[in-house]
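Keep the structure open while reading.

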Amino acid sequence: MVSERNPAKHVCVIGAGPSGLVAARELRKEGHTAVVVEQNHDIGGQWLYQPKVEGEEELGRSKFLKVHSSIYASLRLFSPREIMGFSDFPFVVKKGRDMRRFPGHRELLLYLQDFCEWFGLREMIRFNTRVEFVGMLDSDQVGRDLKWVVKTRDMKSDAEKVVEEVFDAVVVATGHYSNPRLPSIKGMDVWKRKQMHSRIYRVPDPFLNEVVVVVGNSMSGQDISMELVDVAKQIHLSAKSLDISEGLSKVISKHDSLHLRPEIESLHEDGQVVFVDGYSIVADTIIYCTGYSYSFPFLDTKGIVTVDDDRVGPLYEHTFPPSLAPSLSFVGIPRKLIGFPFFESQAIWIAQLLSGKRTLPSFHDMMQSVKDFYQSRDIAGIPKHNTHDLANFEYCDKYGDNVGFPHLEEWRKELCISAIVKALVDLEGYRDAWDDNELLQVALQSPHFSQFPQSPSPHLTP
């Protein structure tokens with residue numbers, strides 16, 4: 001719904017990863033002033049590789065984690081570069097850089113740095129600044145002219161000084177691949193050997209000649225297991241289901257040291273790992289590749305927004321807490337979708353709501369929408385912790401309709417599906433043995449690539 005324009009807002013964006021950067025751009029485009037608060041020394045969020053993990057709690061149970069990025073040194077993109085760019089800033093090949101279609105993680109960081117420079121976003125960012133607290137200035141104002149208190153700390157200074165500021169709105173864009181989600185296994189607390197979450201795995205070298213149990217056969221679990229075969233003595237990949245893809249089955253059949261195991265029954269002080277089928281081994285290290293949980297340790301909404309078994313809610317369209325919107329919003333909560341264009345559509349909607357260009361439905365209608373969504377997931381048998389795993393192109397298109405954002409191009413959808421299907425068949429080689437040249441040409445000749453300007457545009461203004 002379109003409405004009258006409001007005065008420009010002073011907005012705090014938390015995080016300078018992909019979602020925070022595009023949020024900052026869209027806020028400025030709508031005439032708002034935005035301050036991006038970033039705890040690291042540079043932009044990139046998850047894509048800013050942090051090789052030094054010494055001193056980090058191995059299972060990530062600390063309230064504030066020192067290491068934000070969960071990327072390992074050898075990581076390559078799971079999707080082709082063509083589908084990943086923002087709508088008006090394609091992820092193009094550049095000479096002298098990683099020109100592969102599925103490049104290493106540094107290439108995506110360079111893309112984000114290019115995006116940041118192109119749109120002049122760096123001047124909006126406060127680096128080395130951690131958000132300690134975000135709360136309502138006056139909780140009695142809920143549903144009216146709400147303002148937010150944001151307390152930050154300079155990470156480079158030894159001083160304990162906390163800076164307190166007031167903002168008209170806060171956009172939380174802290175990502176969802178930092179706070180480990182851990183299984184509950186009998187004996188975890190008494191097992192004396194090394195246990196770690198994959199978020200601090202970087203290189204295989206420390207596992208030389210070890211017996212390693214990798215828990216979880218997600219893409220990272222498979223990647224890490226394949227990387228360890230040349231270093232570790234044995235790798236036991238523990239999966240919820242032994243019904244695995246053809247691609248993973250081929251990898252296991254090629255390596256005598258790589259074994260597929262069922263779930264773990266229990267862990268024991270002497271180093272024994274007992275699986276549910278009765279098989280047991282003595283392991284040196286357990287690496288949990290068991291995913292991530294949402295965590296906002298700085299956010300105090302007086303219980304209005306909660307995280308319950310990875311369900312962040314209530315959030316209308318995974319973005320807006322009905323009683324606090326649009327002054328509080330979240331970008332980047334949904335998973336299992338083509339991220340960058342979706343984050344962009346979220347950012348546009350938030351910016352236009354704050355400017356008054358658009359309005360949200362009533363509180364009652366938003367809450368009913370959330371309730372209906374939860375009910376649909378329950379009926380479909382989807383666990384609560386998968387609430388935000390969307391895997392639905394149609395939803396992304398429908399979401400974009402709220403602001404007239406273009407639907408995902410057919411080539412983008414097809415390239416995405418093609419990569420997933422190929423990985424299921426050829427896990428080791430799918431990134432380099434692609435046969436979709438005809439579809440690739442359709443993508444490269446589309447307006448997304450062909451209409452990209454050849455020289456930098458001035459900073460965007462309303």
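Lys336 is exposed, at 58% relative accessibility. Here buried means under 20% relative accessible area, exposed over 50%, and partly exposed in between, with a 1.4 Å probe and protein chains only. The model is predicted: local features need pLDDT of at least 70, side-chain atom pairs count only at pLDDT 80 or more, and totals for chains, interfaces and linings use all residues. Residues are numbered from 1 along each chain as its sequence is written, and side-chain values use heavy atoms, with hydrogens and water left out.

Lys336 has a salt-bridge partner, Asp389, with the closest N and O atoms 4.0 Å apart. A salt bridge here is a side-chain nitrogen of Lys or Arg within 4 Å of a carboxyl oxygen of Asp or Glu. This pair links distant parts of the chain, 53 residues apart. Lys336 lies in the loop between strand 21 (328-330) and helix 5 (339-355). Asp389 lies in the loop between helix 6 (363-379) and helix 7 (393-400). Helices (H or I, at least four residues) and strands (E, at least two) are DSSP runs, numbered from the N terminus. Asp389 is buried, with a relative accessible area of 11%.

How many salt bridges does the rule give? The count comes to 37. One of them joins Asp114 to Lys94, with 3.2 Å between the closest N and O atoms. That pair also links distant parts of the chain: Asp114 sits in helix 2 (residues 105-118), and Lys94 in the loop between strand 2 (33-37) and helix 2, 20 residues apart. Lys94 is partly exposed, with a relative accessible area of 33%. Elsewhere, salt bridges form a network that links Arg25, Glu26, Lys29, Asp88 and Glu344.

Asp300 and Lys302 meet through their side chains in another salt bridge, at 3.5 Å from N to O. Asp300 is partly exposed, at 26% relative accessible area. Lys302 is exposed, at 58%.

In strand 18, Asp300 stands opposite Gly135. Strand 4 (residues 129-136) and strand 18 pair in the parallel sense over 2 bridges. Two strands pair if DSSP finds at least two bridges between them. The open sheet has 4 strands in the order 6-5-4-18, with mixed pairing. At its edges are strand 6 (162-167) and strand 18 (299-300), each pairing on one side only.

A second open sheet has 5 strands, in the order 9-16-10-11-12, with parallel pairing. Why is one side of strand 9 and of strand 12 left without a neighbour in the sheet? Strand 9 (194-197) and strand 12 stand at the edges, and each has a single partner strand, so one side of each lacks a neighbour. From one strand to the next, the twist averages 20 degrees. Strands 10 and 11 run parallel and are joined by 5 bridges. Val211 stands opposite Gln234 in strand 11.

Now turn to helix 3. In helix 3 (residues 219-228), 8 of the 10 residues are buried. The buried residues are Gly221, Gln222, Asp223, Ile224, Ser225, Met226, Glu227 and Leu228. What covers them includes strand 10 (211-215), strand 11 (234-238), strand 12 (258-261) and strand 16 (285-288). Helix 4 (246-254) is also part of the cover.

Terms used. Contact means heavy atoms within 4.5 Å. Axes are lines fitted to C-alpha atoms, for helices over the stretch in contact, and angles run from 0 to 180 degrees between N-to-C directions.
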